[in-house]
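Please look at the model on the screen.

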Amino acid sequence: MVPTWWSFPMVSAHMIALMAQVRQWASSDLTVLILGETGTGKSMLARQMHAWSPRANRPFVEIDCGTVPDTLAEHEFFGSEKGAFTGATGKATGRIMEANHGTLLLDEVQNLQMRGQTCLLGLFDTHMAYPIGSTKRISLDIRTVVTSNQDLRVWSSDRRFREDLYHRINAITVTLPPLRERRDDLLPLATTWLSRYAVAVQRPAYPLSDRAQRRLLAHEWLGNIRELTWCLQRAALSCKGPYTEPDDLFDTHDSPESIASPNVRTTCVLPSGAETKSNSASTTTLNSAPRPLEDGRTDLHLSPEER
């Protein structure tokens, strides 16, 4: 069960305004470049734009650019005629050709090698394509959406991405913020999806406990929306009730986060750059128990150098 953008309960003003703008852009045929960290929902947003567009009943074709071999890019994109090369025993339809009259998603386009990037230039310039071995030029009517988790402007300046292609794909640019920058949306998202995942696996939807809510808000979400959906699917399958607890959401290998009662301040090691979470003005700090040593002392009696 994959979440869709219309199932995203959004509270933050930024996301509400962004989605209103995206809905307006969906009606045009301009190429859209969606930027954002891995797992922020770029491909889901592309599908939502297609669903909101006049092409909604036409094909939606997604190409993972990281899987396109550089030497076979033209064949992957535009296909080939029978006998075009050794082993071509039949006609092959290219992935881009399959998207005709619909929407084409070029996912993580920065992974496309130079030959593949060159193949796309003609498509954006002329909207025409030649299958390998064919003398017939085919006209294409395609709306293209491109995603990337890198700053392609910087990549083009460093010559890691074709500058002329970059200027063709960024007619409209949408930047999705990471989940840690839209924490107002976090609990509404978690509550909604947890309930839907539970229904999908035919299990009770146990509400999030206070501890689970604090743990969700404290987590850094480096995997963004994708990481959140994994946690909620795990909880929907494993929770025994009556509440969904932190142990249902996170496995034992997850990094420690602040899980505090309202009257206790906790200090723990968080990922680099993260802030320590505090739940009150209390000065109580939870630390691991002192380790006993052979001479009867504990490591609390050792100087920093001895530890």
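The largest cavity holds about 30 Å³ of space, where a cavity is a set of points on a 1 Å grid over the protein atoms alone at which a 1.4 Å probe fits but cannot get out, and a volume is the space filled by probe spheres set on the points. This is a predicted model: local features need pLDDT of at least 70, side-chain atom pairs count only at pLDDT 80 or more, and totals for chains, interfaces and linings use all residues. Residues are numbered from 1 along each chain as its sequence is written, and side-chain values use heavy atoms, without hydrogens and water.

Among the residues lining the largest cavity are Leu 194, Arg 203, Tyr 206 and Cys 239. Helices α8 (186-200) and α10 (224-238) each give two or more residues to that lining; helices here are DSSP runs of H or I with at least four residues.

Now the charges. The whole structure has 14 salt bridges, meaning a side-chain nitrogen of Lys or Arg within 4 Å of a carboxyl oxygen of Asp or Glu. One of them joins Lys 42 and Glu 108 at 3.3 Å, N to O. Lys 42 sits in helix α2 and Glu 108 in the loop between β5 and α5, 66 residues apart.

Are these two buried or exposed? Lys 42 is buried at 5% relative accessibility, and Glu 108 is buried at 12%; buried means under 20% relative accessible area, exposed over 50%, and partly exposed in between, with a 1.4 Å probe and protein chains only.

Arg 183 pairs with Glu 220 at 3.6 Å between the closest N and O atoms. Arg 183 is partly exposed at 22%, while Glu 220 is buried at 12%.

Note on methods: 1 Å grid on protein atoms, 1.4 Å probe; cavity = no way out; pocket = protein on both sides within 12 Å on 5 of 7 lines; lining within 4 Å.
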